[in-house]
Amino acid sequence: METLEFIIYPDGRVKETVTGIVGASCAEVTAAIEAQLGIVLAQQTTSEYFAQSNEQLAAETVSAKTAYSQW
């Protein structure tokens, strides 16, 4: 499940946490929100950022099998 969590601190800082989105597409999802919130002071990537989706892995497996069978 894809979730966006926002914690708004008394001094106006906002902490945004994204879960359930694999790869760099989380930046696309949050770009418009971050533009409205203001200046981004820091970003920290999670293991989900570096993970590959199952669809990508399946496509790579199929293309690898196709290339191998043509030998």
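**Pocket and hairpin**

The lining of the largest pocket divides into twelve nonpolar residues, nine polar and five charged. Here Ala, Val, Leu, Ile, Met, Phe, Trp, Tyr, Cys and Pro count as nonpolar, Asp, Glu, Lys and Arg as charged, and the others, Gly among them, as polar.

The model is predicted, with local features needing pLDDT of at least 70 and side-chain atom pairs pLDDT 80 or more, while totals for chains, interfaces and linings use all residues. Residues are numbered from 1 along each chain as its sequence is written, and side-chain values use heavy atoms, without hydrogens or water.

Back to the pocket. In total, 26 residues line the largest pocket. (A pocket is an open set of points on a 1 Å grid over the protein atoms alone, where a 1.4 Å probe fits, with protein on both sides within 12 Å along at least five of seven lines; lining residues have an atom within 4 Å of a point.) Glu16, Glu34, Val40, Ala42 and Gln43 are the lining residues nearest the centre of the largest pocket.

Which elements each supply at least two residues of that lining? They are strand 2, helix 1 (25-37) and helix 2 (47-50). (Helices, H or I of at least four residues, and strands, E of at least two, are DSSP runs numbered from the N terminus.)

Next, strand 2 in its pairing. Strand 1, residues 3-8, runs antiparallel to strand 2, residues 14-19, over six bridges (pairing takes at least two DSSP bridges). Within strand 2, Lys15 is the bridge partner of Ile7, and Thr17 that of Glu5. The two strands form a hairpin with five residues between them. In the turn, Gly12 has a positive phi of about 100 degrees.
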